[in-house]
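Good morning, and thank you for coming. I shall present one structure today, moving from a cavity to the sheet and its helices.

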Amino acid sequence: MLSFVKDTLSTILVPRAFAMEASHESKGLVTVVGIDTSEASQNAVHHTLRRSRENDTIHILYCFTPLTDFVGPEFVKSPSPEQHEQWRLKEMKNFEDCLKKVDLTTQSNIETAIVAGDPRSKIIEYAKRQNADEIVVGSHGKGFLTRSLLGSVSTYLCHNSPVPVTVVPSAKKHEK
């Protein structure tokens, strides 16, 4: 179903995507690219950079799961502050390594951020804070059963995001 906005210069109704593009010509689009350490995430960044224009702003957001308590039948083991810090530093290095794998040469503005938490909710929260026009993520190509049991970040985003979501297929799907 297409949503429409009224063009202020005439009475013609234009699809929202065209109106959004026209209104952003001067200030550029704001895109949030949710990444992890996967090749699918690198594809999402490449896709976004190829489409970007001079005034666009691209936010590359790395989400990681923080350490949690380990609960057994008769005990609870909480990670120490040192373990949390080591985990955070490890994830920051993973993020830096991800960025090194991608050529970030572009005419657009690039901003990076790292957050701890569930990627599904954190990507949406971040996109709202940045007034994003779209979210881009890579597809891991999980099968139906895995997606049903474990969930899928891209599926969740498609159903719950207040802005359009682009899911970039994995490179393996391009080869077929």
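Let me begin with a definition: on a 1 Å grid over the protein atoms alone, a cavity is a set of points where a 1.4 Å probe fits but cannot get out, and its lining residues have an atom within 4 Å of a point. The model before you is predicted, so local features need pLDDT of at least 70, side-chain atom pairs count only at pLDDT 80 or more, and totals for chains, interfaces and linings use all residues. Residues are numbered from 1 along each chain as its sequence is written, and side-chain values use heavy atoms, with hydrogens and water left out.

Which residues line the largest cavity? They are Ile-35, Asp-36, Ser-41, Gln-42, Val-45, Cys-98 and Val-102. By class, the lining has 4 nonpolar, 2 polar and 1 charged residues; here Ala, Val, Leu, Ile, Met, Phe, Trp, Tyr, Cys and Pro count as nonpolar, Asp, Glu, Lys and Arg as charged, and the others, Gly among them, as polar. Helix H2, residues 39–51, contributes the most to this lining, with 3 residues. Helices (H or I, at least four residues) and strands (E, at least two) are DSSP runs, numbered from the N terminus.

Ser-41 belongs to helix H2. Is Ser-41 buried or exposed? Ser-41 is buried, at a relative accessible area of 5%, where buried means under 20% relative accessible area with a 1.4 Å probe, protein chains only. Leaving aside residues up to four places away in sequence, Ser-41 touches Gly-34, Ile-35 and Asp-36; contact means heavy atoms within 4.5 Å.

I turn now to the sheet. Its 5 strands are parallel and form an open sheet in the order E7-E4-E3-E8-E9, two strands being paired if DSSP finds at least two bridges between them. Strands E7 (109–116) and E9 (165–168) stand at the edges with a single partner strand each, so one side of each has no neighbour in the sheet.

Strands E3 and E4 are joined by 6 bridges, and Thr-31 has Ile-58 in E4 as its bridge partner. In E4, 8 of its 8 residues are buried. Between E8 and E9 there are 4 bridges, and Val-137 is partnered by Val-167 in E9.

Finally, helix H6, residues 153–160, lies across E8 and E9, running at about 160° to E9. For such angles, axes are lines fitted to C-alpha atoms, for helices over the stretch in contact, and values run from 0 to 180 degrees between N-to-C directions.

Technical notes
1 Å grid on protein atoms, 1.4 Å probe; cavity = no way out; pocket = protein on both sides within 12 Å on 5 of 7 lines; lining within 4 Å. Buried < 20%, exposed > 50% of the residue type's maximum accessible area, 1.4 Å probe, protein only.
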